[in-house]
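Work through the exercises below with the sequence and the 3D view at hand. Each task is followed by its solution.

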Amino acid sequence: MPGTRRRRRETPDRGLALLAALALGLYLVFLVLPLLLSLRSSFTNENPLRATNDFVGLRNYTEMVGDEQLRASLKVTLLLAFGVTIAANAIGVGFAILLNRTNLSYRVMRTVAFLPQVLSGVIVGFVWQTILTQNGVLNTALLKIGVLDEPYPWLGSPNAALFSIGVVVAWVLSGFTTVVYLAALQSIPLELHDMASLDGVRGTQRFRMVTWPMIAPGTTISVTISLITVLKLYDIIAVLTAGGPANSTQSTALYIVKLAFTSDRVGYASAVAMLLLALSALVALTVTGALRRREVSL
Amino acid sequence: MTTVAPSGGTRERTSLAAGIGAVPPERAGARPTGRPRRFGGRFRILVAAAVTLVFVAPIYLMLVNAFKSQDDILANPITPPWPPTLENVTQALTRPDNLIPLGLRNSLIVAVVSVALLVPLGSAFSFYISRRRGRTKAAILVAFAAGLMIPPQVTLLPTIKILTWIGLDHTYPGLILSNLGGGYLSFAVFVYVGFMRSVPDEIIQAARLDGASGLRVWWQIVMPLVRPATATVVIFLTLWIWNDFLNPLFILGPLQGQTITTGLYLTIGQYSVDYGQLFGIMFLAGILPVLGYLTVQKQFVAGLTSGASK
């Protein structure tokens with residue numbers, strides 16, 4: 001039977017196979033091939049201003065070891081990735097629990113909570129710039145109510161700028177995490193809560209014993225996507241600080257773009273890109289793996 | 001494959017609890033006495049409203065200040081626009097460089113053409129591969145899933161190089177072509193493959209025995225069955241491609257006209273003091289995705305959470 005089915009399938013399937021092959025071809029040309037080209041370029045001194053490029057072996061990779069800007073950018077990237085992921089997921093869980101009701105007003109609030117996720121990073125960046133800039137909304141308000149005596153440089157001092165960017169990115173991601181956790185909360189069988197009530201388990205204890213383990217699959221997807229999003233984040237930082245002041249908010253993603261398009265150091269940029277790729281893979285695989293195992297053990 | 005919409009399973013509870021008034025629906029069964037809860041009813045909604053307000057404050061600012069004069073914005077950035085002025089918006093629309101109309105048009109073309117091609121490519125590929133077995137299939141699917149995680153900065157430069165080889169660098173067809181092959185296709189395949197699994201084999205075999213070709217089975221039988229997947233793919237890819245910044249910025253370059261995001265980025269610098277103009281532009285650039293989201297909100301949330309519950 002399977003044999004006849006297969007033979008039957010051969011000829012009339014050609015059109016479909018062609019379409020599938022086209023999709024695969026596009027994927028190979030615009031994702032796999034660029035990866036390979038990037039890898040090759042990372043072993044060269046490629047520079048668009050030079051006529052010829054030479055293989056330089058591992059020189060780009062050894063240069064990375066002593067590159068202060070790279071080290072700083074990695075620190076920025078990891079701080080943002082983990083800080084924002086923790087913040088956005090904590091906010092998401094809290095917000096989801098708060099909004100986990102079905103009346104109209106709660107539904108309206110849920111709709112609204114996701115809005116930041118819909119706007120482009122460029123718009124998000126500019127809106128927050130009007131809030132955080134020296135004579136922006138935040139400083140104006142804080143001066144008016146007397147919390148501050150003089151405007152605070154939310155985007156102008158290195159530490160504050162990184163923190164501000166973290167807040168903005170966490171704000172955007174919280175819309176997403178809230179929706180994911182809401183779905184996870186609603187997949188908890190009502191009986192479980194009822195049983196907990198009968199046993200007198202409530203408040204934080206119920207959260208720890210019932211809610212938190214039950215939303216573990218939601219946590220896995222939400223944490224993984226948060227991490228990946230921050231690791232490749234470009235637009236919000238580009239608009240808010242462009243990596244400044246003094247490179248204090250320059251993530252590795254921004255550094256790569258600067259190396260490639262401003263410094264024209266394509267070869268070295270490719271090597272750094274390989275590092276970011278490895279870092280993303282490492283973070284995604286280890287964290288997702290750990291969270292998956294946790295789902296099982298809970 | 002299960003799709004869990006936050007409102008889905010709870011509708012029944014709502015109607016059950018409808019007569020019980022202020023008691024939160026999911027407590028209704030457990031608390032027949034309706035005794036006030038420590039954190040329920042009025043207090044809860046006040047907290048929720050307060051948190052939501054803080055949360056949307058930046059969007060509120062964007063909205064109200066688009067309809068205020070420059071002096072008004074500087075003096076009272078957080079008050080509602082009364083009387084509202086349309087000057088910012090009309091000024092943004094009638095700029096000599098046509099930033100908004102051109103940007104919206106270009107973004108629309110790129111997003112619509114990309115998605116219109118990504119849907120058949122992604123679903124046909126997923127259908128084809130989901131009817132196959134074995135290691136090759138698994139390997140190809142893993143390779144596609146990996147595409148979701150690759151930072152675009154890694155593939156950007158070589159992509160431009162490849163487009164240069166085929167003479168499509170700094171063009172819209174080039175940008176669209178690069179959209180078709182990258183992480184967007186990964187996402188489409190990822191979503192479709194999940195849904196294809198739930199299409200019963202018998203239906204497809206019956207159609208095949210009637211002599212329908214693979215293409216016909218895919219288009220006339222499978223596609224209608226996986227409509228929720230198509231909704232998810234269309235909604236999210238449109239939004240992401242519309243909001244994409246890095247690729248259009250470098251693949252199109254500054255000379256090829258702008259999408260709405262790159263246009264905003266490249267022109268807005270000169271308006272750093274003219275807040276009225278700035279907010280007018282941002283309002284026009286942001287209103288379409290927001291309206292789109294509000295229209296298809298249900299499918300949006302369903303799509304977002306279907307992945308989470310798999």
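Predicted model: local features only at pLDDT ≥ 70, side-chain atom pairs only at ≥ 80, totals over all residues.

**Exercise 1.** Check whether the end-to-end distance of helix α7 of chain B agrees with its number of residues.

Solution. Helix α7(B) covers residues 152-165, which is 14 residues. Next, look along the helix for a bend: α7(B) has a kink of about 25°, centred on Pro158(B). Past the helix comes Gly167(B), with a positive phi near 70°.

**Exercise 2.** Decide whether α7(B) is mostly covered or exposed, and find what it packs against.

Solution. A residue is buried if 20 or more other C-beta atoms lie within 10 Å of its own. By that cut-off 11 of the 14 residues of α7(B) are buried, so the helix is mostly covered. Among them are Pro152(B), Leu156(B), Pro158(B) and Leu163(B). The buried residues pack against α2, α14 and α15 of chain A, and also against α8 and α13 of chain B.

**Exercise 3.** Describe the contact of chains A and B.

Solution. Chain A gives 80 residues and chain B gives 80 residues. On the side of chain A, α2(A) supplies the largest share, 18 residues. By class, that side has 58 nonpolar, 15 polar and seven charged residues.

**Exercise 4.** Characterise the UniProt domain listed for chain A.

Solution. An unreviewed UniProt entry lists "domain: ABC transmembrane type-1" at residues 74-287 of chain A. That stretch is 77% helix and 0% strand. Its end C-alpha atoms are 18 Å apart.

Terms used:
Residues numbered from 1 in each chain as written. Chains lettered and ligands numbered in written order. Helix = DSSP H or I, 4+ residues; strand = E, 2+ residues; numbered from the N terminus. Expected span 1.5 Å × (residues − 1). Bend = angle between axes of the 7 residues up to and from the residue. Buried ≥ 20, exposed ≤ 12 C-beta atoms within 10 Å, placed from the backbone. Contact = placed C-beta atoms within 7 Å. Nonpolar A, V, L, I, M, F, W, Y, C, P; charged D, E, K, R; others polar. UniProt positions renumbered as here; feature names shortened; annotations may be inferred.
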